[in-house]
Structures are given as C-alpha cells and as structure tokens.
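Here are my notes, point by point. Have the model open while you go through them.

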Amino acid sequence: MELKLSNLTKEFKDVAAVDHISYTMTTGVYGLLGVNGAGKTTLMRMLCTLIKPSSGCITWNGKDIFELDGEYRRLLGYLPQDFGYYPDFTVYDYLMYVASIKGLRPATAKQRTARLLKQVGMDKEKKKKMKKLSGGMKRRVGIAQAMLNNPSILILDEPTAGLDPNERIRFRNLIGELAQERLVLLSTHIVSDVAYIAKEILLMKEGKICVAGSLKELLAPMQGQVWSLDVSKEDAETYRKNYKVANVRIIPKGVNLRILSGQRPSENARPESVLLEDVFLHYLGEGMVEEDVSI
Ligand SMILES: Nc1ncnc2c1ncn2[C@@H]1O[C@H](COP(=O)(O)OP(=O)(O)OP(=O)(O)O)[C@@H](O)[C@H]1O
C-alpha cells in the first residue's frame, strides 16, 4: 500500500497553496502540522480527488488516483473540516444514510454502523439527534461516517478542532487504533495531537513540506538548543526581541522563558529536552504563550 505525491502543486490565481510536494506514505498515522493557510486543506482535498493538481501527480500503488477515479474513492474515507450533517437525523439514521450514499448493502450498512458506533463510543447516543451532540461527539460521528466503507486511506482535516483535552486524548487513541491497518493522514495545528500517535510528522509552511520524519528524527537535530531561563519582567522583553522564545510563563520572581538558541543565552540558562513544540517554532516561527503575559 503506497500513496505517492510527486511534485504536487496547486495554484490559485496568485497563491501556490501547495508547492511542489513530493512524499510517500504507507500504513500508519501521518500528521500534517502547519499554521492557518499553510496549504493543509488544499493538499487533503487533492488527495480526496475533490480538486485537481495544477501540476505533479498522486499515485496509489503506482496508478494515478484521478485515472483510478471511483476505484480509488471506494478506498477513501474523508472527514472534512466542516462536515455536513442533517441536524434532525439521529446518529444512527445519519450513519445509515451515509452508508446508502456510499453504496453499502443494507445488511452490511447495519453491521458496520453497529460496529463503528461501539468503536467511536457513540453506541449509547445512537438515538440522539445530531443537533443535540457536543462538538466531540459530532467529530466521533464524523470519523464513523468516514469509516463506513472500511477505507484503506482515511483523511481527517482538523479532526480535533474544538475538542476539550479529554476528548482530544480519546480521539488520539481512536485514531491510533484505526491506523493499525490503514493509512491515516490527519491535519492539525495542535502539536500534541500528532506528537504521540504519528508515525511521521510533516511540517507544512507556505505550501511546502519544510521538514518531515518521525518524532525522534525531528527532535534530534535540535538537542542542546533549548534552554530554560528565569528573568525579570524587564529583561524578558529583551530576550524576546533577541531570541526565539517557545514559551513564556509567569513565575513568582519574574518570568520563565523557554528559549531556542544554538548558544547558551545566559550563564543561568538551564538545558531542556526538546519538544515537538520547539521544532514547530523553529520551522514555522510561532511560539506559545501559556498565560496572558503582557510584558
Ligand atoms: N479556492 C481557493 N481559491 C483561492 N485561494 C485559495 C483557495 N483555497 C485555498 N486558497 C488559499 O491557499 C492557501 C492555503 O489554504 P488552505 O486552506 O489549504 O490552508 P490550511 O493549511 O488548510 O489552513 P487552515 O488551517 O486555516 O484551514 C491560503 O492562502 C488560502 O487563502
């Protein structure tokens, strides 16, 4: 099983939303990480054959996916960022309806729906109307609908958007489970969504993959470049101007900074182990501020 992107490009008027991407994926979870506007959705929509590339190609086991057409789409499950549902349908009826659109026979549809409702933990809620579900529950139904045809390729666009931390963990576990026998590509701008479960993480910026690999491979080159430093509020401002600061935390004596630097930024700086957040900042240029710190 191999999904291969070769020199894949999608241009809209004056923007290259996806810019000459080449990458090969097999089974397991692939995490596509990038800030808003990086090109994640455009890439995923091409992988779902919803839009055609401007140039380059995507092949599944060596064959162009647009030529495979329906044959490819039968292997595909997709959860778009805003997935449409009928608010007055119950969860069960909604899934049965999607199953019929996907061309499943009624007996298979019933069987799959029952199994998926259990797998995504929505069995008890199956008679609830879609409009009455929480954000996390809706997302779980979203995954279930994408899984109805037992796809070999599962594409999830921002599946954890709007979820609380518990739902996020639950979701990660579910995705990890589903990826045992299929290719799962999941986009997010939340680092922790992919840090634990992705076999490979692709960092995307301005239409390009700037770095990709396993968590270990992404962390290794940055060892020895992450520091923790306690400073006064006044000094913090200077450090923030002069260094990439991955995190700012108020402490009783002032401010604790997490600094990315090839050189020790101060004698008092303590080395820290690298996190995926640091890699994100290093390549994508955005850090995190834990608290409201107007310094
Ligand atoms: N149909 C379109 N027409 C014109 N420009 C578009 C179109 N779709 C996307 N773009 C542009 O392409 C770029 C990438 O957008 P895309 O939605 O793929 O990014 P993203 O990484 O999914 O962002 P987000 O996390 O905000 O959804 C953006 O500059 C966007 O404005």
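1. A term to start with: a residue is buried if 20 or more other C-beta atoms lie within 10 Å of its own, exposed if 12 or fewer, and partly exposed in between, with C-beta atoms placed from the backbone. By that count Glu158 is buried, with 21 other C-beta atoms within 10 Å. You'll find Glu158 in the loop between S7 and helix H7 (165–178). Leaving out neighbours within four places in sequence, Glu158 is in contact with Gln81, Ser187 and Thr188; contact here puts the C-beta atoms, placed from the backbone, within 7 Å. The C-alpha atoms of Glu158 and Met122, 36 residues apart along the chain, are separated by 20 Å.

2. Some ground rules. This is a predicted model, where local features need pLDDT of at least 70 and side-chain atom pairs count only at pLDDT 80 or more, while totals for chains, interfaces and linings use all residues. Residue numbers run from 1 along each chain as its sequence is written.

3. The overall picture. The protein has 11 helices and 15 strands; these are DSSP runs numbered from the N terminus, with helices being H or I of at least four residues and strands E of at least two. The C-alpha trace spans about 70 × 45 × 35 Å along its principal axes. Of the 295 residues in the protein, 37% are buried. If you take the contacts between residues at least 6 apart in sequence, 69% join residues at least 24 apart.

4. Which residues are around the ligand? They are Phe12, Val15, Ala17, Gly34, Asn36, Gly37, Ala38, Gly39, Lys40, Thr41, Thr42 and His189, where being near means a C-beta atom, placed from the backbone, within 6 Å of the molecule. Strand S2 (15–25) and helix H1 (40–47) are the elements that give two or more residues to this shell. The largest share, 3 residues, comes from H1. By class the shell has 4 nonpolar, 7 polar and 1 charged residues. For the classes, Ala, Val, Leu, Ile, Met, Phe, Trp, Tyr, Cys and Pro count as nonpolar, Asp, Glu, Lys and Arg as charged, and the others, Gly among them, as polar.

5. Staying with H1: this helix is mostly covered, with 7 of its 8 residues buried. Those buried residues are Lys40, Thr41, Thr42, Leu43, Met44, Met46 and Leu47. After H1 comes Thr49, whose phi is positive, near 65°.

6. Now a helix pair. Helix H4 (residues 91–101) and helix H5 (residues 106–119) pack at an angle of about 135°, with their axes 10 Å apart. Axes are lines fitted to C-alpha atoms, for helices over the stretch in contact, and angles run from 0 to 180 degrees between N-to-C directions. H4 and H5 are therefore oblique to each other; under 35 degrees would count as roughly parallel, over 145 as roughly antiparallel, 65 to 115 as roughly perpendicular, and the rest is oblique. From H4 the contact uses Tyr92, Leu95, Met96, Ala99 and Ser100, and from H5 it uses Ala109, Arg112 and Thr113. That gives 5 nonpolar, 2 polar and 1 charged residues by class.

7. Have a look at two backbone angles. Most residues other than glycine have a negative phi. Asn7, in strand S1 (residues 3–12), has a positive phi of about 50° although it is not a glycine. Asp69 also has a positive phi of about 50° without being a glycine, and lies in the loop between helix H2 (65–68) and helix H3 (70–73). Buried or exposed? Asn7 is exposed, with 12 other C-beta atoms within 10 Å, and Asp69 is exposed too, with 11.

8. Ala198, in the loop between helix H8 (191–195) and strand S9 (200–205), is buried, with 27 other C-beta atoms within 10 Å. Not counting residues up to four places away in sequence, Ala198 touches Val29, Tyr30 and Gly31. Asn149 sits in the loop between helix H6 (135–147) and strand S7 (153–157) and counts as partly exposed, with 19 C-beta neighbours inside 10 Å.

Definitions and conventions: Two residues are in contact if their C-beta atoms, placed from the backbone, lie within 7 Å.
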